[in-house]
Amino acid sequence: LYSSLTMKSILRLFTIKTKFEVFLITYALGLGAAERGKDYMLQYTGNIGKMFFVLCTVAVFIAASKMLEAIEFQQAFGVD
């Protein structure tokens, strides 16, 4: 009994429930993507480095939109 309660409380830490949490995660992912993109621009000079930078940031926007859709679905249908 104790282990299942502990497991549920640990799993709750990794569950996104609100749009505000999505925005916080998106901000953190965006910072990381910008840093990685900056490194790519230093490693790969020219247009390929710029393309990698753009791809890093676009991936964050795609992930954020999917997370927001999932939150809206969860709120609309009550799926847990």
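Phenylalanine 52 is partly exposed, with a relative accessible area of 26% (buried means under 20%, exposed over 50% and partly exposed in between, with a 1.4 Å probe and protein chains only). The model is predicted, so local features need pLDDT of at least 70 and side-chain atom pairs count only at pLDDT 80 or more, while totals for chains, interfaces and linings use all residues. Residues are numbered from 1 along each chain as its sequence is written, and side-chain values use heavy atoms, with hydrogens and water left out.

**Overall form**

- The chain has three helices and zero strands, in the order α-α-α along the sequence (helices are DSSP runs of H or I with at least four residues, strands are runs of E with at least two, and both are numbered from the N terminus).
- The radius of gyration of the chain is 17 Å, whereas a compact globule of 80 residues would have one near 12 Å (the radius is taken over C-alpha atoms, and the globule rule is 2.2 Å times the number of residues to the power 0.38).
- Along the principal axes, the C-alpha trace spans about 55 × 30 × 15 Å.
- Of the 80 residues, 14% count as buried.

**Aromatic pairs**

- The chain has four aromatic pairs (rings of Phe, Tyr and Trp, the last by its six-membered ring, pair if their centres lie within 6.5 Å; planes under 30 degrees apart count as stacked, over 60 as edge-to-face and the rest as tilted).
- The rings of tyrosine 40 and phenylalanine 52 have centres 5.2 Å apart and planes at 50°, so this pair is tilted.
- Because tyrosine 40 lies in helix H2 and phenylalanine 52 in helix H3 (residues 47-77), the pair ties together parts that are twelve residues apart in sequence.
- Tyrosine 40 is partly exposed, at a relative accessible area of 23%.
- Phenylalanine 73 and phenylalanine 77 also form a tilted pair, 4.9 Å centre to centre with 50° between the planes.
- Both of these residues, phenylalanine 73 and phenylalanine 77, lie in helix H3, four residues apart, or about one turn of the helix.
- Phenylalanine 73 is partly exposed at 45% relative accessibility, whereas phenylalanine 77 is exposed at 60%.
- Tyr40, Tyr44 and Phe52 are linked into a cluster by ring pairs.

- Threonine 26 lies in helix H2 (residues 19-43) and counts as buried at 16% relative accessibility.
- Apart from neighbours within four places in sequence, threonine 26 is in contact with Val60, Ala64 and Met67 (contact means heavy atoms within 4.5 Å).
- Glutamate 35 is also placed in helix H2 and is partly exposed, with a relative accessible area of 44%.
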